[in-house]
Amino acid sequence: MAQWEKLRQLPAVYGQQLHELYDRDALPMDVRHYLSAWIEKQEWQRAARDHDLAMVLFQVLLENLDIQHSRFVQEESFLLQHNIRRYKQNFQRYLDDPCALASTILWFLEKEKEILRSADLAEQVQFLRVEQEAMETSSQQDLERKMAGLKNEVQCMEHTMLCLEEQQDEFDFKYQTHKMEAAVVDEAEKQEKIKLFQLLINRLNDCRKSTLADLNKLLDKIEELNDMLVKKELVEWQRRQQKACIGAPDNVCLDQLENWFTCVAVCLFQVREFLSKLEELVGKLSYANDPVKAQKPALQSRTDTLLEDLLKSSFVVETQPSMPQGKGPLVLRTNVQFSVKTRLLVKVPELNHSMKVNVSMDREAPQMKGYRRFNVLGSKTKALNMAESQSGGMVADFRHLTLKEQKSGGGKGVSDISLSVTEELHLIYFDTVFEFKGLSVELQACSLPVIIISNSSQQQSAWASVLWFNMISLDTKDVMFFANCPAATWPQFGEMLSWQFLSATKRGLNDAQLEMIAHRLFGKKQDYGTCKVAWSKFSKENPPDTFWVWFDGILVMVKTYLENLWRDGHIMGFVNKSKEKSLLKKKQRGTFLLRFSESVIGAITFSWVDTTITGEPDIKTVQPFTKVDLSQIPFHEIIRNFQILEAENIPENPLVYLYPNTPKDEAFGKYYTEKTGSDSPYIKYIKTKLMFVSKENTLEAKSPMPSDMAQGEALEPINGLCEEAAEQNEDPQTLTSPLEMYHPDPMLSSSVAGPEEDLLMYLNNPNLFADIMQEEPALPDYSLQAFHGLPVQSCGSIFQ
């Protein structure tokens, strides 16, 4: 990058040093700026010792100032005309000592280098302090500097073209004048004129060669930036978009990329104008071995190729296909409207509303057995316009497209491979034509692979396929991905699971929660980093209760009923039974934690510390609460009012401290509501309070933490996915008879104020009040059923 351009991009503190350096008349900043490219190419150190070279540079400096003056006259920049004229007059004092001028300019250039060295040193020190996450920002800053340098180079080339044109006009004027006066001059003078014109044409030839060389260097820089944009920045954005589609918090804004693509495209169009100008100059004046005639075709071809490559890459799908009520993007249902947005990253306001984008499906569909074909219906053609984008980008926003399956030819194929509907990948294509300033380029964009379903029951499985593809695949057009589906590494897989919670609830999974899931999948290991998860283990084993169904059931439950509790970190969630015991047995009586059930889909439970008669810790767990329960009573109200009836039928809430030691009301108090009866949001009719109550004997254990089976969860693991039964083998004190097991059956009870005698009567014989309860048909039965055919345990209930 040119030295002056580097100085201009320095932080403000160094910019101030630059202003102080040029706060003198020896070398005005205007002259340094407008003649920067020429000044930096000259040998001032040698000129400071060589009078002849110094004189030549002095004369050329004055000529360049004349050229700048002419330019400002054309641009009607009155103030700049005045300044340039004054600077030229001031430089006249170096006429007798041009070496002094060379020494002065050399001194300024050395001072500039000192400022740059100071800035570089400060930048290196700062770089050592920068964390690894800031590397992307550093890369973007470097790209910004290169973009600014490119624009400066183009401006310098524009000045060079102007000088070349003026030099050619000067030669042409003198030559035409000579031809008019040729009849009145003697032969000797004529020969002198010919020598002069030969010298002028040689200088013009050298200038043309220099201009062509500068154009080649300019294209080298543009090609470097092209590669950075197309092969690095755009590829990284596409990968970020893939991950963002499955919940990653990655930035997929295109505004920065649009600025860069547009900048390079504008520079390439200017190069095309420079080449057109060269062709115009050659048309006016040419000669034998003209370098422009020899080199321009290759330059033109290279410029057009770079521009076409940039334009073809600049047409992208900004927002991937999605349905309004879908589980996520890239899952589409036949005959249901979906939306998708395309964008042209080269912003050309002149083309607003003139480029038409057309939509099509599966242009190169695989010849696979049973592979379905679809037609796109709706408004399939839209114009790229700047009105539908918040940033003013050129977009085509399709909002009312639908898919319809083709009825003929869908079942034929040359391959014996067949995939399920939710493993079948399809591509949606978008085509347009870019026509501007004599250039015409066909552009095509393609969506990420979509899954097309025909029934909402297929959505959960389809979303699993979207997750798996975009977690692993870097080839965004690989529609045969599931024909030979690769496994995912545990780091990939765990990160993807965390993204699901992060996108749904704004809180992802921590390391401890991920470790529990890894334990569930792989068993106990010291390090899970090298473990891999197969596609079949994720979404196919043990149907219909696959790992994904279990995990997604939890996710839906949390999003629907427990989002605030989860976001505030009150739910430990993913913790297995053995880990739960090791955590709770060290805590005081009444400490409890909340965790997700490992055997009941979409359920949550809590366990707490009690003590035996001998004072040893006894961990008790309530039967899991499902969405049926949570839809009736908010979970925080269940925790607040949950009670257990001890042997003397004295109700007690055993939940006192949320793990590790937060008082229950301090943790959940902000969620409580004092509304009851007719004001309650979830109870109507008479004033009541619904609560879960268990009798003490239903939670009885034979010994402190004797077995997982006594905690009210399923006895048998599901095809290796449930670790609870496996954990029982680690405890030597196992139950010998299923009759010794009690599955607590929390009962949702309503109550009215009444005397204690009635309460005891009811508790001892609930059937006495059967007629009363039957008179209120609106009160539902909230009993939770036991699992695996075990008899339902009776629960007491109390009136308050």
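## Close-up views of a predicted model

**View 1. The lining of the largest pocket divides into 17 nonpolar, 11 polar and 15 charged residues.** Here Ala, Val, Leu, Ile, Met, Phe, Trp, Tyr, Cys and Pro count as nonpolar, Asp, Glu, Lys and Arg as charged, and the others, Gly among them, as polar. Welcome to a predicted model, in which local features need pLDDT of at least 70 and side-chain atom pairs count only at pLDDT 80 or more, while totals for chains, interfaces and linings use all residues. Residues are numbered from 1 along each chain as its sequence is written, and side-chain values use heavy atoms, leaving out hydrogens and water. The pocket has a volume of about 1,600 Å³, taken as the space filled by probe spheres set on grid points joined across faces, edges and corners. A pocket is an open set of points on a 1 Å grid over the protein atoms alone, where a 1.4 Å probe fits, with protein on both sides within 12 Å along at least five of seven lines; lining residues have an atom within 4 Å of a point. Of the 43 lining residues, Trp38, Asn64, His159, Thr160 and Cys163 lie nearest the centre. Helix H9 (135-181) is among the helices that each supply at least two lining residues, and H9 gives the largest share, 14 residues. Helices (H or I, at least four residues) and strands (E, at least two) are DSSP runs, numbered from the N terminus.

**View 2. Leu332 sits in strand S2 (residues 331-333).** Leu332 has a relative accessible area of 0%, so it is buried (under 20%, with a 1.4 Å probe and protein chains only). Its contacts (heavy atoms within 4.5 Å), not counting residues up to four places away in sequence, include Phe338, Leu403 and Ile453. The C-alpha atoms of Leu332 and Ile453 are separated by 6.2 Å, though the two residues are 121 apart along the chain.

**View 3. Strand S15 (residues 604-611) is largely enclosed by the rest of the structure, because 7 of its 8 residues are buried.** On one side of the pairing list, strand S14 (residues 591-596) joins S15 in the antiparallel sense over 5 bridges; strands pair if DSSP finds at least two bridges between them. Strand S16 (residues 617-621) also runs antiparallel to S15, with 5 bridges. Trp608 of S15 stands opposite Phe592 and has Lys620 as its bridge partner in S16. The hairpin of S15 and S16 has 5 residues between the strands, and there Gly615 takes a positive phi near 85°.

Key. Buried means under 20% relative accessible area, exposed over 50%, partly exposed in between (1.4 Å probe, protein chains only).
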